[in-house]
Amino acid sequence: MRTKITFDNGDKWNNLTCTQCKSLNLHMDFSTIGHAIKSMYIQGPLSHSTAPGLILANGMLEDIPAGEVNTVNVTLTVTKTHFVMSEDGGETWQRPKNISSPGFFVYGIFDYGNAIAVLQTNSDRPTMWFSHNRGKCFYSVGEDSGDFLPKSFLPVPNALDKKGAVFGKMAKEDELDNWVYLVIDMNDFLGRPCIESDYRLWSTSESNCILGGKYTYNITKDDSVCFSTKDYSPKP
């Protein structure tokens with residue numbers, strides 16, 4: 001079994017191309033998405049039209065011989081699953097270097113894609129990572145979250161808000177009534193409002209037309225740490 005992706009309404013299907021994954025095959029097992037394995041929630045692929053190009057996912061990296069990719073049955077496991085992401089609508093994928101440990105992850109997209117938050121759910125001391133440049137770099141905020149065990153991000157509507165919440169529980173209390181949520185505020189992280197010079201034009205697919213056309217969007221530059229105001233639109 002191997003995961004494939006299409007950009008032309010199913011006329012042609014392509015393998016997932018993962019950079020920084022060496023020769024490993026990238027696979028997503030949608031049969032387990034949205035379920036809990038040993039109390040660990042598995043979040044499915046996340047994208048928003050207001051954050052063009054960004055896709056976040058749990059993906060399994062498997063060393064499957066080329067001739068067996070259509071016959072091997074693979075499922076997500078803690079030891080082989082990694083946080084993976086795409087900046088170009090799924091054409092290419094990457095495993096961020098400083099989120100290299102395997103496990104199950106939950107994640108959220110904030111402020112039109114200007115900020116990303118990632119949490120590992122199978123760790124006794126979960127680490128949260130943030131990115132302000134569409135996943136080019138991730139920064140850890142520390143490994144000690146007390147007894148809080150995250151389960152999932154509460155949805156950020158259309159990836160527009162700069163605030164979100166993580167839903168989870170306290171490990172040392174009665175499981176029947178210890179569910180809590182923590183608020184994440186990206187305002188201080190992103191700092192200032194973006195200005196015109198903070199944006200650059202980005203086009204879907206540098207080499208091929210997707211569904212018969214190319215689409216161009218305004219996205220923030222890699223070195224701009226800022227948030228988009230209410231006047232911003234991804235479409236120039």
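Student: Is Asp-198 buried or exposed?
Tutor: This is a predicted model, where local features need pLDDT of at least 70, side-chain atom pairs count only at pLDDT 80 or more, and totals for chains, interfaces and linings use all residues. Residues are numbered from 1 along each chain as its sequence is written, and side-chain values use heavy atoms, with hydrogens and water left out. Buried means under 20% relative accessible area, exposed over 50%, partly exposed in between (1.4 Å probe, protein chains only). Asp-198 has a relative accessible area of 5%, so the residue is buried.

Student: Which cysteine does Asp-198 touch?
Tutor: Contact means heavy atoms within 4.5 Å. Residues up to four places away in sequence are not counted. The partners include Arg-192, Lys-221 and Cys-226.

Student: Which residue forms a disulfide with Cys-226?
Tutor: A disulfide is a pair of cysteine sulfur atoms within 2.5 Å. By this rule the count is 1 disulfide. The two sulfur atoms lie 2.0 Å apart, and the partner is Cys-194.

Student: How many residues apart are Cys-194 and Cys-226?
Tutor: Strands (E) are DSSP runs of at least two residues, numbered from the N terminus. Cys-194 sits in the loop between strand E17 (192-193) and strand E18 (199-203), while Cys-226 is in strand E20 (residues 226-227). The pair links distant parts of the chain, and the separation is 32 residues.

Student: Is the link of Cys-194 and Cys-226 right-handed or left-handed?
Tutor: Both cysteines are buried. The angle about their S-S bond is 95 degrees, and the link is right-handed.

Student: Why does Cys-137 count as partly exposed?
Tutor: Look at the accessibility of Cys-137. Cys-137 counts as partly exposed because its relative accessibility is 36%.

Student: What is the bridge partner of Lys-169 in E16?
Tutor: Strand E15 (residues 163-170) and E16 pair in the antiparallel sense over 7 bridges. In E16, the partner of Lys-169 is Trp-179.

Student: What is phi of Tyr-112?
Tutor: Tyr-112 lies in the loop between E10 and E11. Asp-111 is in that loop as well, with phi near 50 degrees. For Tyr-112, phi is also positive in a residue other than glycine: near 60 degrees.

Definitions and conventions
Helices (H or I, at least four residues) and strands (E, at least two) are DSSP runs, numbered from the N terminus. Two strands pair if DSSP finds at least two bridges between them.
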